[in-house]
Amino acid sequence: MHRSPEISAFLNASTAALRLACHGAARAAAERVITRFAARPGPACARAARLPVCAWIAPALAAAPAERAALGHAFAALEQQLPWTRRRQSTPGDGAFYDGHANAVILGPGGLEDRADLWVGATVMAPGLRYADHDHPPEEVYLALTPGQWWNAAMDWTDPGPRGAVYNPPGIAHAMRSGAGPLLALWYLPL
Ligand SMILES: [Fe+2]
């Protein structure tokens, strides 16, 4: 099965960034995801879709820290192909959050590459917003391409910084929030 050069380059950049940023349980989770990168690619499935909040992606990438430049470039090369959507549970009653966030699956169910064994994607948020608290059975590693803060039920609000990562153990309640600028982050989950 064919894997596009953009996806291949993004997975190579992700591997390097995850191995630099992750230690302990986060590293173990990252290695589980990395192992699955190499599995037979799934079919290309998603149709590109954008939301108005996607206008924040370019300025977020332009301000990405040097430590994440390679990952940011690799992401920039494929973000136009992605199926950007609001989180399924979001409604206009969420106020500014409704039009202020979007997620896209790169590898995973319904993603740019349709896969059932991992979940790799991106979230963009406009400035000054908090993502809805959520939880899911798989553990999760986040890499940030911008400043931002992450919280989970075992951790205070923290900005992992341009060299760090956030690790959410399986099933833990967690959230993130943007500051004065947009938030752009990548997430990696072994399913
Ligand atoms: Fe999550």
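# Iron site, salt bridges and pocket: a chat

Modeller: Let's start with the pocket: in this predicted model, the largest pocket has a volume of about 610 Å³.

Colleague: Which residues that line the largest pocket are the closest to its centre?

Modeller: The lining has 21 residues in total. Strands S1 (101–108), S3 (118–125), S4 and S9 (183–190) each give at least two residues to that lining. Closest to the centre are Arg87, Arg88, Asn103, Trp119 and Trp187.

Colleague: On to the metal. Which residues are the protein donors of the iron ion?

Modeller: The donor atoms sit 2.2 to 2.7 Å from the iron ion. Along the sequence the spacing reads H-x1-H-x3-E-x33-H.

Colleague: How many residues apart are glutamate 140 and histidine 174, and are they buried or exposed?

Modeller: Glutamate 140 belongs to strand S4 (residues 140–144) and histidine 174 to strand S8 (residues 174–177), so the pair links distant parts of the chain by the strand assignment. Their separation is 34 residues. As for accessibility, glutamate 140 and histidine 174 are both buried.

Colleague: How many salt bridges does a search of the whole structure find?

Modeller: One of them pairs arginine 3 with glutamate 113, at 3.0 Å from N to O. Another is the contact between glutamate 79 and arginine 50. The search of the whole structure comes to 10 salt bridges.

Colleague: Take arginine 3 and glutamate 113. Why does arginine 3 count as buried?

Modeller: That pair meets in a salt bridge. It links distant parts of the chain, 110 residues apart, with arginine 3 in the segment before helix H1 (5–21) and glutamate 113 in strand S2 (residues 113–114). Glutamate 113 is buried at a relative accessible area of 2%. Arginine 3 counts as buried because buried means under 20% and its relative accessibility is 19%.

Colleague: What about glutamate 79 and arginine 50: how far apart are their closest N and O atoms?

Modeller: The two residues are 29 apart in the chain, glutamate 79 in the loop between helix H4 (69–76) and helix H5 (96–100), arginine 50 in the loop between helix H2 (24–37) and helix H3 (57–62). Glutamate 79 is buried at 7%, whereas arginine 50 is partly exposed at 37%. Their closest N and O atoms are 3.0 Å apart.

Colleague: Are arginine 130 and aspartate 133 buried or partly exposed?

Modeller: Their side chains meet in a salt bridge, 2.6 Å from N to O. Arginine 130 has a relative accessible area of 42%, and aspartate 133 has a relative accessibility of 42%. With buried being under 20% and exposed over 50%, that makes arginine 130 partly exposed and aspartate 133 partly exposed.

Colleague: Last one: which residue in S6 stands opposite tryptophan 150?

Modeller: Strand S5 (residues 149–152) and strand S6 (residues 155–158) pair in the antiparallel sense over two bridges. A hairpin through two residues joins S5 to S6. Opposite tryptophan 150 stands threonine 158.

Terms used. Residues are numbered from 1 along each chain as its sequence is written. This is a predicted model: local features need pLDDT of at least 70, side-chain atom pairs count only at pLDDT 80 or more; totals for chains, interfaces and linings use all residues. Side-chain values use heavy atoms; hydrogens and water are left out. Donors are N, O and S atoms within 2.8 Å of the metal (3.2 Å for Na, K and Ca); water is not among the atoms, so sites may look incomplete. Helices (H or I, at least four residues) and strands (E, at least two) are DSSP runs, numbered from the N terminus. Buried means under 20% relative accessible area, exposed over 50%, partly exposed in between (1.4 Å probe, protein chains only). A salt bridge is a side-chain nitrogen of Lys or Arg within 4 Å of a carboxyl oxygen of Asp or Glu. On a 1 Å grid over the protein atoms alone, a cavity is a set of points where a 1.4 Å probe fits but cannot get out, and a pocket is an open set with protein on both sides within 12 Å along at least five of seven lines; lining residues have an atom within 4 Å of a point. Grid points are joined across faces, edges and corners, and a volume is the space filled by probe spheres set on the points. Two strands pair if DSSP finds at least two bridges between them.
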